[in-house]
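Me: Could you take a close look at the side-chain contacts in this one for me? I would like cut-offs along with the values, please.

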Amino acid sequence: MTNESIPNEQQLEEVLRRVARWDPPAGIGILSVYLDWRPQATGERPGLRSGEVVLKDRLREIEASLGVRGPALDSFRADAERVHTALAELDPAAEGAAIFACSAAGLFEVIPAPAPFDNQVVYDRYPRLYQLARLLDEFETAVVAVADTNTLRLFVVRGERIREVPGRDDDPYDYQMRSTSGMNEHRFRRHVEQHRREFAEEAAKLIEQLCEQERATRLVIAGDETALHLLREALPLSLTRRVEEGEFHIDIRAGLEHVRRTIEQFLLQTEDDLSHETADILAGEVEEGDLGVAGYDRTKYALELGAADVVVIDDAYEPAARKDELARLAAATGARVEVVREHHGLRALGGVGAILRYRLP
């Protein structure tokens, strides 16, 4: 990516696939950089980033390892200079940065991230892609709709960041039930119900437009139960499949930070639940001897054949270089990477495995 703004999920997927297929000239490596780009909040130098310190030290070590002259050194020095320039121009909203560079091969990709990476700077034959694959697995853009019968508030959540966008806030007079008498009460109730349905239909249109604009993979709705019932009926089928509803309450007047904390916790829990379900499926396929393999060697073999559909990796699996290799092969062959935490069944299988597209010979 040449654009230093935070990418969406589709852009992340494209850059992961692109970098995975890069093949540098013989004898020249690819520089893979992952940084925690958050300024320190305390200490003598509160603006200093931990990633800056790691980057400076590692670039010096790598340069020293390449000798005093040659094409590898020339390429690396050009890479290091471009890395420093890119970081100076990074989106201020980014809390992490990933960069892949090889001047000799024409490779330079910058990925600002909404969350920090673990600091890692490696010069090797192949790019290190596990952290980027993990970001893609966890990276979601969610639209949050908080509604009552006459007010709609809309939020966009990407990583750890949230922003509110214009919704709709109508005068409550036509939406509130009030006591009248006889036929007047019956007509008035129908009048209010009609207004509420019309508001829900307009709210659904605004939500659909925002989901398409932001390429949202999830839609979270919360608020007044009467309003939510009407909103669910008004949402198109393409959105109802993305709706996530949890046991939480967000008041229509809630502050931005309260909304962020509530939704962040909910999305993290649902992501953990989904990853554990995937690990359960893998364990079942392996046990039945059907469309599943476990262990590094069998998983790598499946990827090399193009047979792996989903690669399941325990985030604590070691060595890290093996995770990078599996992530690279997955991206190059169109397999999805699912990162799982604290799943005993997966750890019993060796910490890695793959759900297959077809049975291996």
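Reply: Happy to. Let me begin with a ring that has charges over it: Arg328 lies over the face of Tyr126, at 4.0 Å from the ring centre. The charged end of Arg125 also sits over the ring of Tyr126, 5.8 Å from its centre. A charge sits over a ring here if NZ of Lys or CZ of Arg is within 6 Å of the ring centre and within 35 degrees of the ring normal.

Before going further, a word on the source: this is a predicted model, where local features need pLDDT of at least 70 and side-chain atom pairs count only at pLDDT 80 or more, while totals for chains, interfaces and linings use all residues. Residues are numbered from 1 along each chain as its sequence is written, and side-chain values use heavy atoms, with hydrogens and water left out.

The structure holds 3 aromatic pairs; rings of Phe, Tyr and Trp (its six-membered ring) pair if their centres lie within 6.5 Å, with planes under 30 degrees apart counted as stacked, over 60 as edge-to-face and the rest as tilted. For Tyr34 and Phe100, the ring centres are 5.8 Å apart and the planes are at 85°, so this pair is edge-to-face. It links distant parts of the chain, as Tyr34 is in strand 1 (residues 30-36) and Phe100 in strand 2 (residues 96-102), 66 residues apart. Strands (E, at least two residues) and helices (H or I, at least four) are DSSP runs, numbered from the N terminus. Tyr34 counts as buried at 0% relative accessibility, and Phe100 counts as buried at 0%. Buried means under 20% relative accessible area, exposed over 50%, and partly exposed in between (1.4 Å probe, protein chains only). Phe76 and Tyr123 form an edge-to-face pair too, 5.7 Å centre to centre with 85° between the planes. That pair joins helix 3 (residues 71-88), which holds Phe76, to strand 4 (residues 120-124), which holds Tyr123, across 47 residues. Phe76 is buried, at 1% relative accessibility. Finally for the rings, Tyr34, Phe100 and Phe117 form one aromatic cluster.

Charged pairs come next. There are 29 salt bridges in the structure, each a side-chain nitrogen of Lys or Arg within 4 Å of a carboxyl oxygen of Asp or Glu. In one of them, Arg18 meets Glu109, the closest N and O atoms being 2.7 Å apart. Here the partners are 91 residues apart, with Arg18 in helix 1 (residues 9-20) and Glu109 in strand 3 (residues 107-113). Arg18 is partly exposed at 34% relative accessible area, whereas Glu109 is buried at 6%. Another salt bridge is formed by Arg218 and Glu271, with the closest N and O atoms 3.9 Å apart. Arg218 belongs to strand 8 (residues 218-223) and Glu271 to helix 8 (residues 256-288), 53 residues apart. Both Arg218 and Glu271 are buried. Asp251 and Arg253 also meet in a salt bridge (3.6 Å, N to O). Asp251 is partly exposed at 31% relative accessibility, and Arg253 is exposed at 67%. Elsewhere, salt bridges that share partners join Asp118, Arg134, Glu138, Asp315 and Arg341 into one network.
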